[in-house]
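Please look over the sequence and the model below before reading on. The paragraphs that follow lead through the structure step by step.

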Amino acid sequence: TLTEMEGLQNALDHEAVKNAMERGTIQEKDQLVATATEMVRLASDNLYSHVLDRSFHDSLYKIGRNNAIEQMIRSYRFIQQEDSQNGNDSIWLATIPQHLALAQALKDCKLAAAIQAIDEINEYGFKIARK
């Protein structure tokens, strides 16, 4: 069910965030911040990029250096985007600030803030999927 998928997504994302914080290099974390910053810049013009969003999440999972988690998440991470209403990508603009908060929290080694940001991103996506 969607609720079960949400629980699994959250558990995997929490572990991925923890791994990225512990295992990611400063350069990798800086690149994640740069990607999120570019997402924010585009959002200021009311533009959303699936490419940057996917790149952000792919990088997050890759720097965690756990192939099993990365492969499991990749298999269904973007189910929420497939459910966007009439292809209206602008609905995802609301998640952009949380991407930057997540990247910055990873860089600053603030696990609680990073978990909160990924939870907000997921909650928003699953809320849309339920509609």
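This is a predicted model: local features need pLDDT of at least 70, side-chain atom pairs count only at pLDDT 80 or more; totals for chains, interfaces and linings use all residues.

Glutamine 27 is exposed, because its relative accessible area is 59% (buried means under 20% relative accessible area, exposed over 50% and partly exposed in between, computed with a 1.4 Å probe and protein chains only). The place of glutamine 27 is in helix H2, where helices are DSSP runs of H or I with at least four residues, numbered from the N terminus. Residues are numbered from 1 along each chain as its sequence is written, and side-chain values use heavy atoms, with hydrogens and water left out.

Helix H2 covers residues 26-43, and its 18 residues reach 25 Å from the first C-alpha to the last, close to the 26 Å expected at 1.5 Å a residue (the expected span is 1.5 Å times one less than the number of residues). The buried residues of H2 are Lys29, Leu32, Val33, Thr35, Ala36, Met39 and Leu42. What covers these buried residues includes H1, H3 and H6, as judged by contact, meaning heavy atoms within 4.5 Å.

Helix H1 spans residues 2-23; with 22 residues, H1 reaches 30 Å from its first C-alpha to its last, close to the 32 Å expected at 1.5 Å a residue. Its buried residues are Glu6, Gln9, Asn10, Leu12, Asp13, Ala16, Val17, Asn19, Ala20 and Met21, and what covers them includes H2, H3, H4, H6 and H7.

One of the residues in helix H1 is alanine 20, which counts as buried because its relative accessibility is 0%. Not counting residues up to four places away in sequence, alanine 20 touches Lys29, Leu60, Ile63, Gly64 and Leu106. Although alanine 20 and isoleucine 63 are 43 residues apart along the chain, their C-alpha atoms are separated by 5.2 Å.

How do helices H1 and H6 pack, that is, at what angle and with their axes how far apart? Helix H1 and helix H6, which covers residues 96-107, pack at an angle of about 45°, with their axes 9 Å apart; the axes are lines fitted to C-alpha atoms, for helices over the stretch in contact, and angles run from 0 to 180 degrees between N-to-C directions. H1 and H6 are therefore oblique to each other, since angles under 35 degrees count as roughly parallel, over 145 as roughly antiparallel, 65 to 115 as roughly perpendicular and the rest as oblique. Where they meet, Val17, Ala20 and Met21 belong to H1, while Leu102, Ala105 and Leu106 belong to H6. By class, this contact of H1 with H6 has 6 nonpolar, no polar and no charged residues (Ala, Val, Leu, Ile, Met, Phe, Trp, Tyr, Cys and Pro count as nonpolar, Asp, Glu, Lys and Arg as charged, and the others, Gly among them, as polar).

The 12 residues of H6 should span 16 Å at 1.5 Å a residue, and its end C-alpha atoms are 17 Å apart, which agrees. The buried residues of H6 are Ile96, Gln98, His99, Leu102, Ala103, Ala105 and Leu106, and they pack against H1, H2, H3 and H7. Among them, leucine 106 touches Val17, Ala20, Met21, Lys29, Leu32, Leu60 and Ala114, not counting residues up to four places away in sequence.

The largest nonpolar core has 32 residues, of which Val17, Leu32, Phe56, Leu60, Leu102, Leu106 and Ala114 touch the most other members; such a core is a set of buried Ala, Val, Leu, Ile, Met, Phe, Trp, Tyr and Cys residues joined through side-chain atoms within 4.5 Å. H1, H2, H3, H4, H6 and H7 each supply at least two residues of this core, and its largest share, 6 residues, comes from H7.

Two loop residues remain. Arginine 65 lies in the loop between helix H3 (50-63) and helix H4 (67-74), and its phi is near 55°, a positive value in a residue other than glycine. Arginine 65 is partly exposed, with a relative accessible area of 44%. Cysteine 109 lies in the loop between H6 and helix H7 (111-130), and its phi is likewise positive, near 55°.
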